[in-house]
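Take a look at the model below. The walk starts from one residue, moves out to its chain, and ends where the chains meet.

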Amino acid sequence: MPKKSKSYGASMIELVVAVLIFSIAAALCTKIFVTAMQISDESQELTTAVLMAESAAEIYRAKGDISELEDFCVSESHSKALILSYKEKKSGHLAIQVSKEERILFEIEVAYGGGLK
Amino acid sequence: MKTRKSLGVGSVSLILIFCLLCLTIFALLTLSSARVENTMAEKYADSIKRFYSADTIAAEVYSALSKQLPKGERPGEIDGIEIMYEEGEKGVNFTFSSPLDARRAIAVSGSYTEDGIKLKSWNEEGDSVLDMWVELEPDDWEPFEELPIIKD
């Protein structure tokens with residue numbers, strides 16, 4: 001009988017140690033998963049920002065009309081929580097910027113090309 | 001009884017080690033996948049930025065040329081972009097390219113005649129060639145063959 005209780009005690013200690021190690025490792029792995037998710041979200045935001053800026057740039061490049069961009073900004077910013085802003089730097093040149101919570105994600109400068117062709 | 005005890009102790013540890021290995025491998029795979037995705041997104045953003053930067057420079061050069069050529073001037077370089085000229089039948093042909101990166105550039109060609117300045121092509125040239133805009137002469141146009149859409 002004493003032999004039996006000693007064996008149960010040993011297995012209990014092993015189990016506790018194993019669960020402890022597993023918990024620590026699982027916590028570390030969870031942190032890695034969260035980091036990966038944040039990186040993935042950032043990538044998605046950047047890609048969306050680039051696509052928004054590219055679409056706006058193509059509209060300006062083809063038509064040179066800023067009024068159409070205003071509708072575009074409102075519809076996109078509602079769904080993605082990204083804000084597209086633009087500023088005419090000089091005649092025929094537009095600076096386009098996509099930001100989120102005052103953090104600039106992407107910016108480009110585009111020239112009106114419609115007059116060329 | 002002896003066999004049952006040894007099985008219980010070992011199997012729990014083995015299962016936990018296996019779960020831990022799986023968890024670690026999947027976590028590292030997820031992280032590496034996210035990093036690769038992020039690198040791709042940054043490369044895409046960089047290529048788009050380079051493209052519009054080169055396109056803007058090309059537009060500025062073309063705009064400057066359209067002002068200077070009617071005055072009889074033939075600038076060899078505008079904004080660091082070299083411009084090549086060639087005498088044509090009706091006027092002068094010009095070409096220049098605005099670099100995107102080490103391997104790609106936006107190539108622009110046009111002509112200046114009595115009728116004014118005319119753009120012939122505005123293309124991306126390099127390893128991955130993409131025809132953005134090319135003027136076709138009427139003789140170059142080849143219509144599609146008839147398509148049998150409705151069969152009697």
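**From one histidine to the interface**

Start with His93(A), which lies in strand β2 of chain A. That strand covers residues 93–100. The model is a predicted one.

Is His93(A) buried or exposed? Its relative accessible area is 8%. The cut-off for a buried residue is under 20%, so His93(A) counts as buried.

What surrounds His93(A), leaving aside its neighbours within four places in sequence? The contacts within chain A are with Tyr60(A), Lys87(A), Glu88(A), Glu109(A), Val110(A) and Ala111(A).

Now step back to the chain. Chain A has two helices and three strands. Along the sequence they run α-α-β-β-β. Chain A has 117 residues, and 32% of them are buried. The accessible surface of chain A is about 7,200 Å². Carbon and sulfur atoms hold 60% of that surface. Contacts across the sequence come next. Take those in chain A between residues at least 6 apart in sequence: 42% of them join residues at least 24 apart.

Turn to the partner chain. How many residues are in contact between chain A and chain B? Chain A brings 38 residues and chain B brings 36. Between them, about 3,200 Å² of area is buried. Carbon and sulfur atoms give 73% of that buried area.

The polar side of the interface can be listed briefly. Six residue pairs are in polar contact between chain A and chain B, both residues being at pLDDT 80 or more. The count of salt bridges between the two chains is one. Which side chains form that salt bridge? They are those of Arg61(A) and Asp55(B), with 2.8 Å from N to O.

Which elements of chain A build the side that touches chain B? Helix α1 (2–63) and strand β3 (103–111) each supply at least two residues. The largest share comes from α1(A), with 28 residues. By residue type, this side of chain A divides into 22 nonpolar, seven polar and nine charged residues.

Return, finally, to the starting point.

Note on methods:
Residues are numbered from 1 along each chain as its sequence is written. Chains are lettered from A and ligands numbered from 1 in the order in which they are written. This is a predicted model: local features need pLDDT of at least 70, side-chain atom pairs count only at pLDDT 80 or more; totals for chains, interfaces and linings use all residues. Side-chain values use heavy atoms; hydrogens and water are left out. Contact means heavy atoms within 4.5 Å. Buried area is the accessible area (1.4 Å probe) that two parts lose on being put together, summed over both. A salt bridge is a side-chain nitrogen of Lys or Arg within 4 Å of a carboxyl oxygen of Asp or Glu. A polar contact is a pair of N or O atoms within 3.5 Å; within protein, one must be able to donate a hydrogen and the other to accept it, and residues adjacent in sequence count only if both atoms are side-chain atoms. Helices (H or I, at least four residues) and strands (E, at least two) are DSSP runs, numbered from the N terminus. Ala, Val, Leu, Ile, Met, Phe, Trp, Tyr, Cys and Pro count as nonpolar, Asp, Glu, Lys and Arg as charged, and the others, Gly among them, as polar. Buried means under 20% relative accessible area, exposed over 50%, partly exposed in between (1.4 Å probe, protein chains only). Accessible areas come from the Shrake-Rupley method with a 1.4 Å probe; for residues, only the protein chains shown count as cover.
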